[in-house]
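I opened this notebook to keep track of what I looked up in the structure, topic by topic. The entries below follow the order in which I went through it.

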Amino acid sequence: MTAARPAIEGWFVDGDEPSLTGKRCDECGTYVFPPRAWTCPNPTCRSAQLSDVALSRTGTVWSYTTNHYEPPEPYIAPDPFEPYTIVAVELSGEGLVVLGQLDGDPAELRVGDSVELTTGVLYTDDEGPATIWRWRRVMQEATS
Amino acid sequence: VSSVIVAGIGMHPWGKWGRNFVEYGVDAARKALDDAGIAWTDVQFVSGADTVRNGYPGYVAGATFAQALGWTGAKVASSYAACASGATAIDVARMRILAGACDVALVVGADTTPKGFLAPTGGDRPDDPDWLRFRLLGATNTTYFGLYARRRMDLYGATELDFAKVKVKNSEAGQHNPNARYPKAFTVEQVLESPMVSDPLRLLNICATSDGGAAVVLVSEDYAKQHDVPTTVKVAAVSTVTPTYPNTVIEMPNFATDSAAVAGLPERPFRDDIAHAAYEEAGLGPEDLSLAEVYDLSSALELDWYENIGLCPPGEAEKLLNDGDTNLGGRIPVNPSGGLGAFGEAVPAQAIAQVCEVTWQLRGHAGARQVEGARVGLTANQGLFGHGSSVILTT
């Protein structure tokens, strides 16, 4: 069996507590995702020094949508195609809204729900499984 | 400051004709020149709006159209700004006129589109966000429209019925438009029974991709007076603004918004800025509008635009729609052309087509689509990667 590898290098760290990897400006503290190598995006800052930072693993749902048609390439869709949900999530600490696929059933999802980061297999090709970050709804009121 | 005059307008009908885009552009250009009563050989500047789906001729659209019409030695420029390309090409032309560098300019945009979803440029392109959003997320264009629509539902109580009513409203106006690809009235039931694409948006809520061409002839006020060109319709403003950091609304083709953690929230969201800059330049406000043509890539997005262009406060677009205010015959008709719902999108031609419609309206030549007593019209649109597009025309 081939080991899983990330579908993109350097954008997230897998593991028990996976996290997205952003950049934070050494000078003004502005965050940016996806990570980028060049200057700080804040127009009032001239810094070119950005450091890797693990972004908040939790956030709230800004919006979501389920796609019922197979997208064109380069998306690698399962055969047969299955609808999938994309969530826009407001991270709890960085003032960023980040997209990701939903891990779970969208039927109960609402704007404002709490979610946390997880990972899963995006597709499998000749080199084996490729993983990606996903968002998973956090059960707020567990039955006691 | 002297004005720039819309001397002529022309369109090749929208459809899925499958022919060379140059043919549509030339047809639209000839119609616009005839409409202006100006010979091609008198055009001093050609401003092309590019298409990126038709190979090299599309990247140099201005020269492509000039060659097709016959070389005259006219100066040329070609602009690409995604959906905003047409407005950018108009702005380039009117700025040359305002600078006194020319008196007669021809602006042309045309496209031939493939079937199905618009897809990114091919190949293996892992440093291109437009490629990566498909690869890593399956984030099609309609995904972003679905996100905006769902947010309206959960935040403001919008319903699928509201979205359907936008489509029905636009189709009722668009059925009278000879240039529309779908000149037919749809019913609420037809919309609600169409297949789900990006929940909550159904097929009939989403604009198709179309072939089409549109052109305008712009002239200086002096030229118009010297050559008896009617000065009925004037360009009062063209807004081609970019976002102001931080842009806090998730936008195509991005994976994330800018961060508001350090910079704080912007004074206005980007789409509000687009119209705001146009109003500022024209010295007008939303209360002055007779009509608006906005970019209904989805019928839900039209409701966002009502708020972005200041027709109502956030959260009240559904009320404006349901009160009939934006219907033909209402207080402030929106998309009397039928909008993208009736046309489908021919990217580089669409912002020019919006200007054609407002011009017909301000001349009183819109036939069964006519907005009574139209004096001021605004177009609004937004191009991928941060291109604003808004034009205000006045009588």
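What follows are my entries on the two chains, their contact, and a few single residues.

**Entry 1: chain A as a whole**

I note at the outset that this is a predicted model, and I read everything below with that in mind. I began with the secondary structure of chain A and found zero helices and ten strands, so that the pattern along the sequence is simply β-β-β-β-β-β-β-β-β-β. The C-alpha trace of chain A spans about 50 × 45 × 30 Å along its principal axes. I then looked up burial and found that 47% of the 144 residues of chain A count as buried. For the contacts in chain A between residues at least 6 apart in sequence, I recorded that 53% join residues at least 24 apart.

**Entry 2: strand S7 of chain A and its partners**

I turned to strand S7 of chain A, residues 84-91, which is mostly covered, with seven of its eight residues buried. On looking up its pairing, I found eight bridges to strand S6 (residues 58-67) of chain A, in the antiparallel sense, and I noted Thr66(A) with its bridge partner Thr85(A) in S7(A). S7(A) is also joined to strand S8 (residues 97-102) of chain A, again running antiparallel, by five bridges, and here Ala88(A) has Leu99(A) as its bridge partner in S8(A). The hairpin of S7(A) and S8(A) has five residues between the strands, and in it Gly95(A) takes a positive phi near 65°.

**Entry 3: the sheet of chain B**

In chain B I traced an open sheet of nine strands with mixed pairing, in the order S3-S2-S4-S7-S1-S8-S11-S10-S9. Its edge strands, each pairing on one side only, are S3 (75-79) and S9 (291-294) of chain B. Direction ignored, neighbouring strands of this sheet are turned by 20° against each other on average.

Helix H1 (residues 21-36) of chain B lies across S1 (4-15), S4 (104-111) and S7 (211-220) of chain B, and it runs at about 140° to S1(B). Helix H14 (residues 347-363) of chain B lies across S1, S2 (45-49), S4, S7, S9, S10 and S11 of chain B, at about 120° to S1(B).

**Entry 4: the contact between the chains**

How many residues does the contact take from each chain? I found 45 residues from chain A and 40 residues from chain B. The two chains bury about 3,500 Å² between them, and 66% of this is on carbon and sulfur atoms. Trp62(A), Pro74(A) and Leu99(A) supply 20% of the area that chain A buries against chain B, more than any other three residues.

**Entry 5: nonpolar cores**

The largest nonpolar core has 86 residues, and the members that touch the most others are Trp11(A), Leu20(A), Phe33(A), Trp133(A), Trp135(A), Tyr306(B) and Ile309(B).

**Entry 6: cysteines**

I counted zero disulfides over all chains. Cys83(B) is in none, and the nearest cysteine sulfur, that of Cys207(B), is 8.1 Å away.

**Entry 7: Glu318(B)**

Last, I looked up Glu318(B), which has its place in helix H12 (residues 317-322) of chain B. Is Glu318(B) buried or exposed? With a relative accessible area of 7%, Glu318(B) is buried, since the cut-off is under 20%. Not counting residues up to four places away in sequence, Glu318(B) touches Arg152(B), Tyr156(B), Ala158(B), Asp162(B) and Leu303(B).

Definitions and conventions:
Residues are numbered from 1 along each chain as its sequence is written. Chains are lettered from A and ligands numbered from 1 in the order in which they are written. This is a predicted model: local features need pLDDT of at least 70, side-chain atom pairs count only at pLDDT 80 or more; totals for chains, interfaces and linings use all residues. Side-chain values use heavy atoms; hydrogens and water are left out. A disulfide is a pair of cysteine sulfur atoms within 2.5 Å. Two strands pair if DSSP finds at least two bridges between them. Helices (H or I, at least four residues) and strands (E, at least two) are DSSP runs, numbered from the N terminus. Axes are lines fitted to C-alpha atoms, for helices over the stretch in contact, and angles run from 0 to 180 degrees between N-to-C directions. Contact means heavy atoms within 4.5 Å. A nonpolar core is a set of buried Ala, Val, Leu, Ile, Met, Phe, Trp, Tyr and Cys residues joined through side-chain atoms within 4.5 Å. Buried means under 20% relative accessible area, exposed over 50%, partly exposed in between (1.4 Å probe, protein chains only). Buried area is the accessible area (1.4 Å probe) that two parts lose on being put together, summed over both.
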